[in-house]
Structure formats: C-alpha cells, structure tokens
Amino acid sequence: MAGKHIIKLIATLVVVAISLSYLIPIKDKDFSEYLRSTTENSEFLELLERAEALEADENASISSVYMGLKTIANEERLDVSAFFPEIPLESSLTNLEKRNQLLLSELHNRSKSKLKKGLDIKGGISVTFQADPTQFSDDDDYTRTNKLSKAIEILEKRVNTYGVSEPVVRKSGEYRIEIQLADVSTKDNPDLIGDISAPAKLEFREVHRTRSPLDGGSVPFGYEVLTRIDESGQNSLSDNLYVKRIPALTGKYVKKANALPQDIGSYYYVSLDFDSEGAELFGRVTRELAGTGRLAIVLDGQLISAPNVNEAITGGSAQITGDFSRREAESLANALNNPLDIRLEIAELYEVGPTLATDSINSGVKAAIIGASLVSIFMIIYYMVGGFIALMSVVANILIVLGMLASFQATLTLPGIAGIILTVGMAVDANILIFERIREELTEGKSLKAALTGGFEKVFSTIFDANLTTFIVSLTMISFGTGPVKGFGVALAIGVVTTVFCALVVSRLLLELAIEVAGLKKFVMLSIVKSPKFDFLKPRKLAFAISWCVVLVGIVGVYVKRDSIFGIDFTGGDEVTLNFTQKIDESALRKVLDPETLGEVNPQYFQPIGGTKEILKLQTEFKRGKDVTSVLQVAFPEAEFDIAGESQVGPSVGSEIQLNALKAVGISLGLILLYIAIRFEIGYGVGAVVATVHDILLTIGIFVLFGHQFTAPMVAAILLIVGYSLNDTIVLFDRIREELDLRPTMKLYEVVNVAMNAVLSRSLLTSITTLLAAVSLMVWGTGVINDIAFTFTIGIITGTFSSIFIASPVFFFWHKGDRRSVEKSHDEAPEYDWQAASKPSN
C-alpha cells in the first residue's frame with residue numbers, strides 16, 4: 001500500500017472515529033446502571049444505594065438518583081470526585097458543592113446520548129410561564145403584545161442557541177408563554193427552568209467611596225445594602241456594600257457576552273463587549289472612579305462582584321468574574337445576549353409524550369429502511385463494484401454528519417431522520433458524477449488507473465462548485481435565519497463539508513485500493529442511455545411558457561386558498577384540555593378526527609411533574625375545539641372525556657422566523673448570482689437564480705393545489721429544494737463551460753445541447769436514486785413524513801426539469817445565442833452581431 005493511501009486511510013479513520021465518539025452511547029443509559037459499570041468502589045456503591053433509596057422514598061422529595069447523590073454528598077461534605085480520579089478537576093477548585101456538581105454533571109452527561117430525540121419521537125417537558133399583568137398596566141394593547149412577542153423571540157434564542165434543538169415556543173393565552181423542550185428532564189436539572197426564565201438584568205453601579213454597612217448608621221441617601229455570596233455559598237460580611245440604586249450602566253449596551261475559562265483553575269468568567277454608546281459610557285464611569293472607587297456588578301438584584309477601578313477602561317469590554325462553573329457561565333452569557341424585559345413565573349410544568357403516535361413513528365422508520373434499501377440495491381445493480389464503494393462512502397458520510405450534529409447536541413426529529421435518508425440519494429449524486437466521468441475516460445481507451453485519475457481531475461470543479469454554492473446558502477441561513485431555518489443551515493453546512501470530503505477523499509481512496517491493491521481489472525457499469533443526441537433547446541420556448549403557466553396557476557391557487565394553507569404551527573389555534581378516566585392511544589384518536597371536516601388536530605398527553613394524573617391537550621384550528629371534543633366524546637364514551645380548560649395558543653413558527661426564512665433565501669440567491677458571475681459568468685448566474693425561484697414557486701403551488709397545509713417541518717423541506725435545485729443546475733453549467741473550452745468553433749446552441757446530453761445520464765440516475773428514497777417515504781410514511789416526501793418528490797422533478805428547460809434556456813436567451821458574449825469578461829457589455837452590423841466601418 002502506497003504512502004498516499006496510508007495517509008488518506010488514517011485521515012478517514014480518524015474522522016470517522018471522532019464522529020463515532022460523539023455518537024456513543026447511542027441510547028441513554030440508566031444513570032444508576034452507568035455508575036455501576038464505571039466504578040467498583042464499595043464506598044461509592046453504598047452511597048449510590050442510599051441515593052436510590054431516597055429517590056424511592058415518597059417523603060424525601062428527591063426526584064432522581066442524580067439529585068440524591070448530590071444532596072447526600074453536600075450534606076455530609078463528601079468529595080465525590082475522589083471516587084473518580086479518571087475525571088480530573090483542578091485542585092484550585094475548593095468549593096465542595098461546585099466540585100460535586102461538576103463531577104456528577106459530567107458523569108450524567110456521559111450516560112446520555114449526545115444526539116437527542118425530538119418532541120415528536122420521545123417527548124420532553126412543557127413549561128408555561130405567566131407574566132404578571134401588572135407589568136403592563138401602563139401599556140396599550142399594541143405595546144403589551146409587542147413585549148410578549150419579543151419575550152417569545154428571546155426565549156426561543158435562549159433554548160435554541162445553534163438552531164438545532166427543535167423546541168416549541170409560543171404564546172398560550174393572553175399573558176402566558178409555553179415552551180416545550182425535547183428529551184430533557186427537570187428531575188436531574190432542577191435549575192433548567194430558572195436559567196431559561198431569568199431576566200438577566202445586568203447593572204453596573206457605583207459603590208460608596210467612604211462608607212460601609214460595617215461602620216453602622218443609616219443607609220446613605222440613594223444607596224442600598226447589597227451582599228455578595230462567597231464561594232462557600234454563605235453571606236460574607238466583608239462584602240456588605242453600600243451600592244447606588246440608580247445604575248451607571250445597564251446590560252442593554254452589551255453587544256456580545258461569551259463564557260471563557262480563567263487562566264488558573266476550573267472556573268469560568270463572562271467577557272462583555274459593549275456597543276459604541278456603551279463603550280463610551282463605561283469609559284466615562286471608570287475614568288471617574290479610577291484610583292478612588294469600586295464598581296459593583298449586579299445581576300438580577302444579586303451582587304456578583306465589586307472590583308476596584310484602577311484606571312479608565314476605554315476598550316469597550318469588561319469581565320464578570322464570580323467563581324462560575326462552565327454551565328453557569330454559559331447560562332449567564334446566553335441570558336445576557338438575550339435579556340428579558342418582563343418578569344416570568346412558572347404557571348404549569350408537565351412531562352409531555354411524543355407528538356407522533358407509535359404507529360406513525362413505526363411507519364416512518366419502516367419507510368426509511370425501505371427507501372435506503374432501494375437506493376442501495378439500485379446502486380449495486382447499476383454500478384456493481386462501484387455501487388458497493390459508493391454505499392461505503394455514503395455510510396461514512398452519514399456517520400460523520402450524525403457525529404458532528406451530536407457535537408452540537410442537536411435534537412433529531414422524525415422529519416430530520418427522513419431528511420437524512422433523503423440525503424442518501426443526494427450524497428450518491430457525487431459518486432454518480434465520478435463514475436460517469438470514469439466511464440467517459442474509459443470510452444476514450446484509457447486504462448482503468450488513468451481513467452480514475454482523469455475522472456477525478458475533471459469532476460473536481462463540478463463537485464466543488466455545486467457544493468460551494470450550497471454552502472453559501474447554508475451560511476446565509478445560519479447568519480440571517482432563526483429557529484428551524486438556522487438549524488437547517490447548520491445541518492446543511494455540515495452535510496456539504498462531509499459530502500465533499502467523502503466524495504473526493506473516501507471514494508477515491510476506496511477506488512484506488514480496489515484497483516491498485518485488490519487488483520480490480522474492469523469497472524463494469526450498466527448504461528441507462530447510450531450516446532444521446534436530443535435537441536433540448538428546440539422546445540425551450542414551449543417548455544418555458546408551459547412551466548411558468550403552471551407556476552402562475554399555483555400562485556393563483558395559493559392566493560385563493562390563502563386562509564386555509566397554513567397549519568397551526570403558522571397561525572396558532574384553540575387548545576382544549578381534557579380530563580379522562582381511560583387513556584386512548586393517539587393513533588386511535590387521529591383515526592376518528594377527519595381533517596376534511598375538523599381541520600388540523602394535534603392531540604398530545606401531558607403529565608404534571610411530580611403528579612400521576614395525565615391530561616389530554618387538543619390543539620385545533622380556531623373555533624374548532626368544542627367540535628373536536630364532541631367527536632371524541634361520541635367515539636370513545638369509555639374515556640369519559642371532560643373539558644377542564646380552554647385557551648388559545650400562538651404560532652410556533654412566528655413572523656420573525658417566516659421573515660428571516662424569506663430574507664435568508666433572498667440573500668442566498670443574491671450571493672449565488674454574485675459567486676457564479678465571478679466563477680463562471682453573469683449569464684450562468686441569472687439562469688441559476690431564475691431556475692431556483694421557478695422550482696420554489698412551482699413546488700409550493702403544486703403542494704397547495706393538492707390540498708396540503710404548511711407546517712413547521714415544511715420550512716426545512718422548501719429550503720432543501722433550494723439546495724437540490726442549485727446543485728443540479730451547477731452540474732450542468734459546469735459542463736457547458738467545459739464544452740465551450742473543448743469546442744472553440746462550435747455554436748452556442750450546439751454546445752448547450754452537447755453539454756445537456758453529456759450530463760443526461762447523471763441527471764436521470766440522480767433523480768432515480770432520490771426519487772426511490774422520497775417515494776418510499778411518501779408511500780409508507782404517514783402525517784408530516786408524507787408531506788415532506790411529497791414536497792421533495794415534486795422538488796426532484798422540478799429541479800431536473802428546470803436545469804434543462806429553464807436554467808439553460810435563460811442562459812442561452814441572456815446571450816442571444818452568441819457564444820462570443822459568453823467568452824467576454826462578465827463585467828463587459830456583450831456585443832451582438834446586430835450591433836456590430838449597425839456600426840460604420842473605419
């Protein structure tokens with residue numbers, strides 16, 4: 001084996017191993033069982049048994065083994081880290097409670113899978129926050145609504161930093177906000193809800209320069225007494241300070257907060273960057289206090305620290321130090337980046353079951369397995385040895401994607417699983433490009449080794465350009481999107497990087513090993529079309545006109561059905577709470593709830609945390625709650641459904657998410673136009689943008705005309721079409737550019753046709769593989785899985801059609817069929833034959 005092969009093999013194995021390390025354990029382990037498998041220390045095992053006994057004791061108010069261990073260790077002043085020397089803690093960390101918290105938290109995290117399951121698959125918790133109405137006593141309806149809407153946006157950002165957590169955050173009633181978090185428990189993390197709802201009101205206040213509460217006497221006018229809690233958790237009399245009531249500076253001037261490790265020890269601090277106005281104010285305050293005073297840092301009324309000010313700080317930054325653990329510092333930084341202007345109190349706290357019924361989950365898994373199997377069988381039959389190699393590369397691709405998502409602690413929903421299965425078909429596209437290029441090289445009489453080298457050399461620019469344009473789209477979604485848009489952007493960016501790596505490194509390595517090490521002599525492949533010579537441009541005007549007529553019909557359909565095309569995720573609706581005596585499975589409930597007569601209905605079971613009695617919540621379209629309840633009461637009399645409460649819920653996909661999705665797509669298309677204009681030529685960019693807009697509009701129109709409704713996962717499905725459409729178009733344009741270089745005397749009309757015929761086999765094969773996966777999900781999947789698959793099926797067909805009959809004709813129209821205008825620099829106005837003829841001769 002050559003040295004280059006060893007380097008590539010080691011690099012591949014390292015990347016896959018790192019990805020797998022993030023995926024282990026694949027499933028959550030019981031915390032007690034995990035601890036028993038980690039240590040055999042008899043003293044600790046005795047401690048564990050006591051914690052288990054506390055959890056089982058109904059009178060002990062201990063919710064979990066984790067909390068039991070933490071409580072016993074802190075009360076008896078035990079250092080749990082002594083039992084786990086393989087998990088090092090800094091010796092400078094002397095606070096026993098924090099040492100135990102860090103150690104137990106690390107052990108608990110190791111027992112859980114880093115790739116979380118979504119609300120639809122596993123459920124989670126639901127907390128409803130109540131805003132005190134007196135806070136809005138001086139506000140009109142518009143101001144009150146605006147403050148609550150802003151609070152919803154902030155809470156969503158707090159619980160979904162990377163956009164991959166898939167929470168539900170929406171208004172519930174007049175002064176309430178509901179948050180649903182997937183695959184989490186307050187039993188092991190009782191501070192979670194407090195961290196989410198903390199106002200994070202940051203203030204910098206002056207400390208009295210000459211007086212202290214230790215001196216006695218009355219409190220100076222304009223000041224109050226604040227006490228810092230020291231490392232041991234006790235009030236320190238030495239840190240009783242007179243602090244001004246009116247702050248010199250507040251957190252509203254903080255532009256960015258970050259949690260960073262201190263140079264010494266295991267503590268963290270929070271760095272602050274002020275905006276320009278805040279930097280000026282902070283510099284002025286510290287200049288006045290320099291050498292003579294102290295500046296207190298107060299968070300939510302609690303004194304964090306009060307450092308001496310030695311000199312003016314004019315750099316626009318500051319630090320908050322307070323013996324923070326990493327989690328505390330990250331929570332504080334997150335809260336400071338998203339401060340709440342209103343106070344929230346917990347009104348309800350529930351454990352929630354999966355939003356999808358068991359049969360829906362099972363059918364989705366079945367459809368995914370069938371789709372992946374069909375793609376695999378097709379690739380092996382068509383490309384034989386190459387098919388096996390492509391599948392090995394795709395499997396490595398999926399493992400790396402999942403591992404990188406796990407490193408972000410992403411939440412995997414059933415639509416997310418479906419999206420990964422669908423990307424199997426798309427990831428195969430890169431291998432199809434490689435194999436088809438190798439076929440062309442072999443046709444020219446080259447040896448297998450030379451064909452491999454030539455094929456990869458020619459396919460490199462195609463794969464690079466196609467994936468780079470998609471990467472630009474993903475970065476735009478990350479930068480400008482929120483919620484599911486940002487999450488989709490993160491997943492898409494990871495997928496682009498891993499696809500390029502696996503196609504150009506892993507697939508090439510496997511092919512080289514097969515040829516040079518295993519002695520592969522022939523690369524046998526079937527052929528779907530042989531030497532096609534279709535005139536694709538001939539019907540371009542008719543195809544273009546018919547296609548845009550269909551788009552127009554779709555737009556009209558969207559306008560006509562505008563009041564019924566958006567689901568509860570976009571519009572909100574009624575929420576009815578039902579008590580019952582006998583639990584009915586969600587799948588049975590859904591069977592009797594006819595969407596044609598009752599509209600969209602989402603039943604979900606809730607159980608109060610610490611309680612035993614479940615309730616059923618029905619989310620329906622507005623003014624449909626009582627009708628749905630009546631149907632269930634008639635269909636299931638044994639359940640004795642009884643209305644316990646009624647309210648209205650707001651949309652989980654709010655106006656900000658919708659606006660940012662449109663903004664992200666618009667900016668993406670602008671950047672794509674710019675990139676293609678620089679990398680290719682402006683005409684290519686115009687063709688790609690027009691084709692992408694065409695595909696989006698056509699897919700949405702057909703989706704609506706077939707009676708489907710837009711739900712939250714459909715945002716990602718539409719964005720997926722953008723990536724697929726661009727990929728297909730760039731592959732074709734790259735071939736047109738290549739053929740222009742290879743055929744310098746051929747007319748543009750003929751060059752475009754030659755290029756389209758050259759990539760026809762690849763386009764059909766890519767469409768077949770992706771359609772096999774999509775149609776499988778559409779046929780055997782149910783509910784939202786069916787909707788996503790239906791959308792993507794349309795997108796595959798329209799994407800393939802538009803690259804041939806929209807993008808290429810637009811490119812051809814742009815240059816009026818004159819190849820000379822293509823060959824000119826993109827920043828020069830093209831000169832056409834009719835213009836040249838009209839000029840006077842010299």
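This is a predicted model: local features need pLDDT of at least 70, side-chain atom pairs count only at pLDDT 80 or more; totals for chains, interfaces and linings use all residues.
1. The crossing of H1 and H11 is left-handed. On the H1 side, the contact is made by Val 15, Val 16, Ser 19, Leu 20, Tyr 22 and Leu 23. H11 contributes Ala 396, Leu 399, Ile 400, Leu 402, Gly 403, Ala 406 and Ser 407.

2. Helix H2 (residues 31-38) packs on H5 at an angle of about 100°, and the two axes are 10 Å apart. That angle makes H2 roughly perpendicular to H5. Phe 31, Tyr 34 and Leu 35 of H2 meet Leu 104, Leu 107, His 108 and Arg 110 of H5.

3. Pro 25 sits in the loop between H1 and H2. The peptide bond joining Ile 24 and Pro 25 is cis, with omega about 0°.

4. Next, the aromatic pairs. The count comes to 31 aromatic pairs, taking ring centres within 6.5 Å. One of them joins Phe 44 and Phe 83. Their ring centres are 5.6 Å apart, and the planes make an angle of 50°, a tilted arrangement. This pair links distant parts of the chain, 39 residues apart. Phe 44 belongs to helix H3 (residues 42-56). Phe 83 lies in the loop between helix H4 (65-75) and helix H5 (96-110). Both Phe 44 and Phe 83 are buried.

5. Tyr 382 and Tyr 383 give an edge-to-face pair. Here the centres are 4.9 Å apart, with 75° between the planes. Tyr 382 and Tyr 383 are both buried.

6. Ring pairs also build a cluster. Its members are Phe 566, Phe 570, Phe 703, Phe 706, Phe 710 and Phe 790.

7. Two charged side chains sit over aromatic rings. Arg 562 lies over the face of Tyr 559, 4.2 Å from the ring centre. Lys 617 lies over the face of Phe 606, and there the distance to the ring centre is 4.8 Å.

8. Two residues other than glycine have a positive phi. Asp 300 is not a glycine, yet its phi is about 50°. Asp 300 falls in the loop between strand E11 (295-299) and strand E12 (302-305). With a relative accessible area of 36%, Asp 300 is partly exposed. Ser 531, also not a glycine, has a phi of about 45°. Ser 531 is placed in the loop between helix H14 (484-517) and helix H15 (540-560). Ser 531 counts as exposed, at 63% relative accessibility.

9. Tyr 605 is part of strand E17 (residues 601-608). Tyr 605 counts as buried because its relative accessibility is 2%, and the cut-off for buried is under 20%. Tyr 605 and Gly 353 are 252 residues apart in sequence, but their C-alpha atoms are 5.6 Å apart in space. Leaving out residues up to four places away in sequence, Tyr 605 touches Glu 351, Val 352 and Gly 353, among others. Its contacts also include Phe 580, Lys 583, Ile 584, Glu 586 and Leu 589. Glu 614, Ile 615 and Leu 616 are on the list too.

10. Ile 806 is found in helix H25 (residues 784-814). Ile 806 is buried, with a relative accessible area of 0%. Beyond its neighbours within four places in sequence, Ile 806 is in contact with Phe 544, Ser 547, Trp 548, Val 690, Ala 691, His 694 and Phe 801. Asp 359 is 447 residues from Ile 806 along the chain, and the two C-alpha atoms are separated by 41 Å.

11. Gly 487 belongs to helix H14. At 8% relative accessibility, Gly 487 counts as buried.

Key
Residues are numbered from 1 along each chain as its sequence is written. Side-chain values use heavy atoms; hydrogens and water are left out. Rings of Phe, Tyr and Trp (its six-membered ring) pair if their centres lie within 6.5 Å; planes under 30 degrees apart count as stacked, over 60 as edge-to-face and the rest as tilted. Helices (H or I, at least four residues) and strands (E, at least two) are DSSP runs, numbered from the N terminus. Buried means under 20% relative accessible area, exposed over 50%, partly exposed in between (1.4 Å probe, protein chains only). A charge sits over a ring if NZ of Lys or CZ of Arg is within 6 Å of the ring centre and within 35 degrees of the ring normal. A crossing is left-handed if the near helix is turned anticlockwise from the far one by less than a right angle, and right-handed if clockwise. Contact means heavy atoms within 4.5 Å. Axes are lines fitted to C-alpha atoms, for helices over the stretch in contact, and angles run from 0 to 180 degrees between N-to-C directions. Angles under 35 degrees count as roughly parallel, over 145 as roughly antiparallel, 65 to 115 as roughly perpendicular and the rest as oblique.
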